[in-house]
Amino acid sequence: VLNSTNKNFSKYIYSDISKTFLRKGKKRFNNYDFMEYKILDITKNPDLQGYENEKYDIIFSVNVLHAVSSINESLDILKSLLNENGILIISELAAPENSINRFMELTFGFLPSYNEYKDHDIRPLSPLITPDKWVSILEKKGFSNVIKIPSLNEEKSFQGRNLGG
């Protein structure tokens, strides 16, 4: 995003819950003078963390929401940060339909935080949900023009290829 559109940003806030990731971001993007680096815990009031409501044009949320305790509460917070015409772009690992992502379960499933989410009505099998479920949740939260971009595997299945079992 930064490499292709960096001339269009007047300000870009690179945020994370971790100081370590902020340091890595600063190192990686140090040649962008419009970048700011700030801690953000999306499960807590952003006002108390130095963020203003209804201020942001675009929010990129990349592999964040599967780790929150409540997707609905975190979406409310993200929505409160966007201005009237703001755009939310989410990139998340997605669970297969009626299944779990076995790689994620084997890699992270033993970490206590991986299973600390409380919205089991939305995520009954694991913290990861399907793209169709994301669309449904976002529409219920009042986001308009919600679209999903299929993964490579979904694109192949749309083209009628057998993906195997």
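Strand β3 makes the greatest contribution to the lining of the largest pocket, supplying 7 residues; strands are DSSP runs of E of at least two residues and helices runs of H or I of at least four, numbered from the N terminus. The model is predicted, so that local features require pLDDT of at least 70 and side-chain atom pairs pLDDT 80 or more, whereas totals for chains, interfaces and linings use all residues. Residues are numbered from 1 along each chain as its sequence is written, and side-chain values rest on heavy atoms, without hydrogens and water.

The volume of the largest pocket is about 1800 Å³. A pocket is an open set of points, on a 1 Å grid over the protein atoms alone, with protein on both sides within 12 Å along at least five of seven lines, and lining residues have an atom within 4 Å of a point; the volume is the space filled by probe spheres (1.4 Å) set on the points. Of its 46 lining residues, Tyr12, Ile13, Tyr14, Ser15 and Phe60 are the closest to the centre of the largest pocket.

Strand β1 pairs with β2 (residues 35–39) in the parallel sense over 5 bridges, where pairing requires at least two DSSP bridges. Isoleucine 13 lies opposite glutamate 36 in β2.

Six aromatic pairs are present, defined by ring centres within 6.5 Å, with planes under 30 degrees apart stacked, over 60 edge-to-face and the rest tilted. Tyrosine 14 and tyrosine 37 form a tilted pair, because their ring centres are 5.6 Å apart and their planes lie at 50°. Ring pairs join Tyr14, Phe29, Tyr32, Phe34 and Tyr37 into a cluster.
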